[in-house]
Amino acid sequence: MTLIDIIDRLLGVCERLFLVLANACLLIMLAINVANIAQRAVIDVSIQWVFPWSVVLFVWMTFFGFFVIYRRKKDITVDFVIDRTGPQVQKAARLMVDVIVIMLMAIMLWHAPKILSMQVGVIE
């Protein structure tokens, strides 16, 4: 087994873990919002903390889902424009998208320690 195979298996484990975490965030958001709607319908009082927690969970869901989407090559592209160009433009566009995604992931990883350290305290 080569080093590339080991890294690929490790990334596959991360992909599955991140998929589970993204789905868990989505399910928690769904559950707390359903509970909030039900409580508002029954006793006409909303749960105050549902919206801020939904925002936090949405951000984390997006963070976890980004890697899964990119690894499965399901990234969002405007193929109907790219497909109407020549082979050189298509190759350049795909390389440009890859470079932009790598830069975005690097920026997210660079800021991750600061963002994680800010995830403390009480959320109103």
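Student: Is Asp-44 buried or exposed?
Tutor: Exposed, because its relative accessible area is 68%. Exposed means over 50%, buried under 20%, partly exposed in between (1.4 Å probe, protein chains only).
Student: Where does Asp-44 lie?
Tutor: In the loop between α1 and α2. Helices are DSSP runs of H or I, at least four residues, and strands are E runs of at least two, numbered from the N terminus. Phi of Asp-44 is near 60 degrees, a positive value in a residue other than glycine.
Student: What should I know about the source?
Tutor: The model is predicted, so local features need pLDDT of at least 70 and side-chain atom pairs pLDDT 80 or more, while totals for chains, interfaces and linings use all residues. Residues are numbered from 1 along each chain as its sequence is written, and side-chain values use heavy atoms, without hydrogens and water.
Student: Switching to rings. How many aromatic pairs are there?
Tutor: Five. Rings of Phe, Tyr and Trp (its six-membered ring) pair if their centres lie within 6.5 Å; planes under 30 degrees apart are stacked, over 60 edge-to-face, the rest tilted.
Student: Why is the pair of Phe-18 and Phe-67 edge-to-face?
Tutor: Because the planes are at 75 degrees, with the centres 5.8 Å apart. Phe-18 is in helix α1 and Phe-67 in helix α2, so the pair ties together parts 49 residues apart in sequence.
Student: Is Phe-67 buried or exposed?
Tutor: Buried, at 15% relative accessibility.
Student: Which residues do ring pairs link into a cluster?
Tutor: Phe-18, Trp-60, Phe-63, Phe-64 and Phe-67.
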